[in-house]
Amino acid sequence: MRSMTQLGNDLYSGKTSFPFVQRRRLWFIIAAVFVIAAALVPFIRPIQFSIEFTGGSQFTVSNPASFDQAIATEAVASVVPGAATRVTTISDQAVRVQTDQLDDQQTQDVSSALADGYGVPTSEITNSFIGPTWGADVTRQSLWGLSIFLALTFVILALYFRTWKMSVAAIIGLVDVLVITVGVYAVFGFEISPAAVIGFLTILSYSLYDTTVVFDKVRENTREDGEISGRTFAESVNLAANQTLIRSINTTVVAILPVGAILFIGVPLGARTLSDISLSIFVGTIVAAYSTLFVAVPMYALLRENEAPMKARDGRILAAREKAGVPA
């Protein structure tokens with residue numbers, strides 16, 4: 001069995017090659033299935049937004065005698081039957097309870113019920129209210145932030161690589177990452193909070209970094225090789241993806257290990273305030289690695305290989321191969 005070092009050498013030299021570009025139709029079909037499924041999930045299971053987006057009432061119980069979340073659910077239900085309740089243990093000394101919007105009397109009654117349930121004085125119960133207007137502002141600012149990020153990404157990549165087609169391929173890859181990550185949230189009922197949005201922007205930045213590194217190698221291969229290498233444009237693009245494959249795998253593993261430690265070890269031990277951002281980064285980092293290699297790179301090859309200069313060059317290379325008797 002080959003070591004990772006030997007595999008990396010074989011991938012870099014072209015001795016071993018994974019068909020990222022040659023089998024792009026298959027990868028595009030799989031990506032389209034993922035994206036369509038992710039886009040349809042909210043119609044079956046609506047996306048859960050946190051209180052910061054929807055508005056509502058929030059209670060914090062300090063130094064409770066118990067951390068049983070059912071106590072909070074029953075306390076809220078005793079005052080407002082049918083109210084949606086989300087209970088989170090935010091530290092080893094506090095419980096956070098979020099509900100629908102309550103009026104002043106209901107807020108006082110819920111505070112008393114929580115105090116009785118958790119065996120604490122009412123002075124240990126703090127409450128706050130987030131109105132729908134503030135939640136709408138948060139939503140609008142989040143969408144503006146995403147739009148500005150994508151616009152700047154398009155412009156910067158177009159200037160750096162001197163071709164808008166790389167920008168288009170990169171943006172398609174970023175949208176693929178975002179849609180699938182949000183779809184995963186909807187499938188498993190994870191709540192989207194401002195921390196999760198920060199995580200989404202973080203993984204888009206990671207995906208952009210990964211894509212830029214691969215595209216830089218693509219530019220090097222396709223610009224410097226020319227016809228001297230004897231490779232077609234698609235083959236040069238595919239070689240670049242293979243040459244950076246081990247780096248992408250290593251970077252992804254290194255990135256998800258600490259995040260996974262927070263998510264699977266830290267959160268169960270009480271670091272629940274980090275769950276939203278760590279979950280979005282964990283899921284998004286994995287999806288980003290897939291998207292760069294199976295979506296962005298093949299898409300760029302598709303956009304460029306039908307250009308007249310590329311078709312002419314590829315035609316000369318293929319004709320030379322045929323004349324030399326080199327099998328296709």
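**Helix packing and buried residues in a predicted model**

Leaving out residues up to four places away in sequence, Phe-282 touches Ile-256, Val-259, Gly-260, Leu-263 and Phe-264, contact being defined as heavy atoms within 4.5 Å. Phe-282 lies in helix 11 (residues 275-304); helices are DSSP runs (H or I, at least four residues) numbered from the N terminus. The residue is buried, with a relative accessible area of 17%, where buried denotes under 20% relative accessible area with a 1.4 Å probe, protein chains only. The C-alpha atoms of Phe-282 and Leu-208, which are 74 residues apart along the chain, are separated by 16 Å.

The structure is a predicted model, in which local features need pLDDT of at least 70 and side-chain atom pairs count only at pLDDT 80 or more, whereas totals for chains, interfaces and linings use all residues. Residues are numbered from 1 along each chain as its sequence is written, and side-chain values use heavy atoms, with hydrogens and water left out. The mean pLDDT (the predictor's confidence in each residue, from 0 to 100) of the chain is 83, and 92% of its residues reach 70 or more. Where pLDDT is low, predicted coordinates should not be read in detail.

The axes of helix 2 (residues 24-44) and helix 7 (residues 164-188) come within 8 Å and cross at roughly 50°. Helix 2 is therefore oblique to helix 7; angles under 35 degrees count as roughly parallel, over 145 as roughly antiparallel, 65 to 115 as roughly perpendicular and the rest as oblique. Axes are lines fitted to C-alpha atoms, for helices over the stretch in contact, and angles run from 0 to 180 degrees between N-to-C directions. Helix 2 contributes Ala-31, Phe-34, Val-35, Ala-38, Ala-39 and Val-41 to the contact, and helix 7 contributes Asp-176, Val-179, Ile-180, Gly-183, Ala-186 and Val-187.

Asn-238 lies in helix 9 (residues 233-243) and is buried, with a relative accessible area of 2%. Apart from neighbours within four places in sequence, Asn-238 is in contact with Ser-17, Phe-18, Pro-19, Phe-20, Val-21 and Gln-22. The axes of helix 9 and helix 12 (residues 308-324) come within 9 Å and cross at roughly 95°, which means that helix 9 is roughly perpendicular to helix 12. Phe-233, Glu-235 and Ser-236 of helix 9 make this contact with Met-310, Arg-313, Asp-314 and Arg-321 of helix 12.

Methods. Helices (H or I, at least four residues) and strands (E, at least two) are DSSP runs, numbered from the N terminus. Buried means under 20% relative accessible area, exposed over 50%, partly exposed in between (1.4 Å probe, protein chains only).
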